[in-house]
Amino acid sequence: MGCFRCTGKSSKRSDSNSNNKHNEQTRPTSGSLKVKPYSNAQKEEDSKDDQLSIDVKNLNLTDEVSKDARNNAKRAQTFTFEELAAATGNFRLDCFLGEGGFGKVYKGYLEKINQVVAIKQLDPNGLQGTREFVIEVLTLSLADHPNLVKLIGFCAEGDQRLLVYEYMPLGSLEHHLHDLPSNRQPLDWNNRMKIAAGAAKGLEYLHEKMKPPVIYRDLKCSNILLGEGYHPKLSDFGLAKVGPSGDKTHVSTRVMGTYGYCAPDYAMTGQLTFKSDVYSFGVVLLELITGRKAIDQTRDKNEQNLVGWARPLFKDRKNFPSMVDPSLEGHYPVRGLYQALAIAAMCVQEQPNMRPAVSDVVMALNYLASQIYDPQIHPVHGSRKNPSCPGLRKDNDIIEQTASGAPLISMGKE
């Protein structure tokens, strides 16, 4: 799934009826569902819960999914297909937000909960299917964190499978970072660090607070959605997997994910670990710092893979200023840049045991996000300058410190 953004484009039909647009989206249509008596609504809810249970059984997910997750999913709000069709004006073109492996995403208004929502409709011929639908419902039914997108409910009716989320008005990180239109301002340094820190917190919750812990397996810019004030939330949990427990170090599974974000050890062996997610996060952090895509085939061959391009440059911090996103136009803190790149370098280490735990990443990024950069006070840096940065440990020192269990960066003056 790419994003929950509003494209700003309208169909001819909506243009010709612009005066009635709000009423069309908020007023029940002739085919919309009226509120039913409690007994009928309860019967309808039971049937949908039964359908979800049937999906779990048919997909052999009973042993893979915890009992708590199945029970929580039964408490998730259910909607009829008719309600969701009415909420989107029968999936009207001007309600269309985006499309991904799961299917199309629409903006809608659900009158019975008085809320604007994002509705994701499964494409029967898409790359993802009922299995991913069930995993997402079960995962998000257990989750409760400000950096994870909130699942409001779902529809499992006949062949129809739809997910209903909170609406994220600023869309995905991808649309604020890459291929920007001329009328959109690039993200400033402060917001980039804020987004990185928030995404890391969401990942930390999945790894260390969820019971059982969850490996996300699909962390990328298009799956980080932004709310007001660029508040980030992780979304799209169809590929999520329960992590190893007890003495187990990994989960053996078929390789899934997105090229450029997938950890090399997982891609080669199929052994999924929590450090697989840390690698993916490192790629996202590199995108935030450099403005480059994880994979960009429009660049020279040796620069198409972001990590492959960055690794040789990590060896000498004199290269660091040349790695920063040119769209920042020199508006970034030198010390903060060096520290952010050091964190990214650790996360994309080839050996998974050399990557930091996500809790260390959160601690480091919380610190960086708290150091507000003010371009009116701090100097503007040229893209090729190599300013001195007293007090910052060398990148290799940071790597050694983190591998031994010490914090990623020095939090105070040295």
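Guide: Let us begin with contact, which means heavy atoms within 4.5 Å. Helices (H or I, at least four residues) and strands (E, at least two) are DSSP runs, numbered from the N terminus. The model is predicted: local features need pLDDT of at least 70, side-chain atom pairs count only at pLDDT 80 or more, and totals for chains, interfaces and linings use all residues. Residues are numbered from 1 along each chain as its sequence is written, and side-chain values use heavy atoms, with hydrogens and water left out.

Visitor: What covers the buried residues of H14?

Guide: The cover includes H8, helix H10 (274-290) and helix H13 (334-347). The buried residues of H14 are Val358, Asp360, Val361, Val362, Ala364, Leu365, Tyr367 and Leu368; buried means under 20% relative accessible area, exposed over 50%, and partly exposed in between (1.4 Å probe, protein chains only).

Visitor: Why is H13 called largely enclosed?

Guide: Of its 14 residues, 13 are buried, so H13 is largely enclosed by the rest of the structure. In H13, Arg335, Gly336, Gln339, Ala340, Ile343 and Cys347 meet Val361, Ala364, Leu365, Tyr367 and Leu368 in H14.

Visitor: What makes H13 roughly antiparallel to H14?

Guide: The two helices pack at an angle of about 165°, with their axes 11 Å apart. Because angles over 145 degrees count as roughly antiparallel (under 35 roughly parallel, 65 to 115 roughly perpendicular, the rest oblique), H13 is roughly antiparallel to H14. Axes here are lines fitted to C-alpha atoms, for helices over the stretch in contact, and angles run from 0 to 180 degrees between N-to-C directions.

Visitor: Why are E1 and E2 said to stand at the edges of the sheet?

Guide: Six strands form an open sheet of mixed pairing in the order E1-E5-E6-E4-E3-E2. Strand E1 (77-78) and E2 each have a single partner strand, so one side of each is left without a neighbour in the sheet.

Visitor: How do you know that E3 and E4 pair?

Guide: Two strands pair if DSSP finds at least two bridges between them. Eight bridges join E3 (residues 103-110) to E4 (residues 115-122), and these strands run antiparallel; Lys104 stands opposite Gln121 in E4.

Visitor: Is Phe91 buried or exposed?

Guide: Phe91, found in the loop between H5 and E2, has 14% relative accessibility and therefore counts as buried. Leaving aside neighbours within four places in sequence, Phe91 is in contact with Phe81, Leu84, Ala85, Tyr106, Gln121 and Leu162. The C-alpha atoms of Phe91 and Tyr106 are separated by 6.8 Å, although these residues are 15 residues apart along the chain.

Visitor: Which value describes the phi of Asn90, and is Asn90 buried or exposed?

Guide: Phi of Asn90 is near 60°, a positive value in a residue other than glycine. With a relative accessible area of 59%, Asn90 is exposed. Arg217 also has a positive phi, of about 75°, although it is not a glycine, but Arg217 is buried, at 11%.
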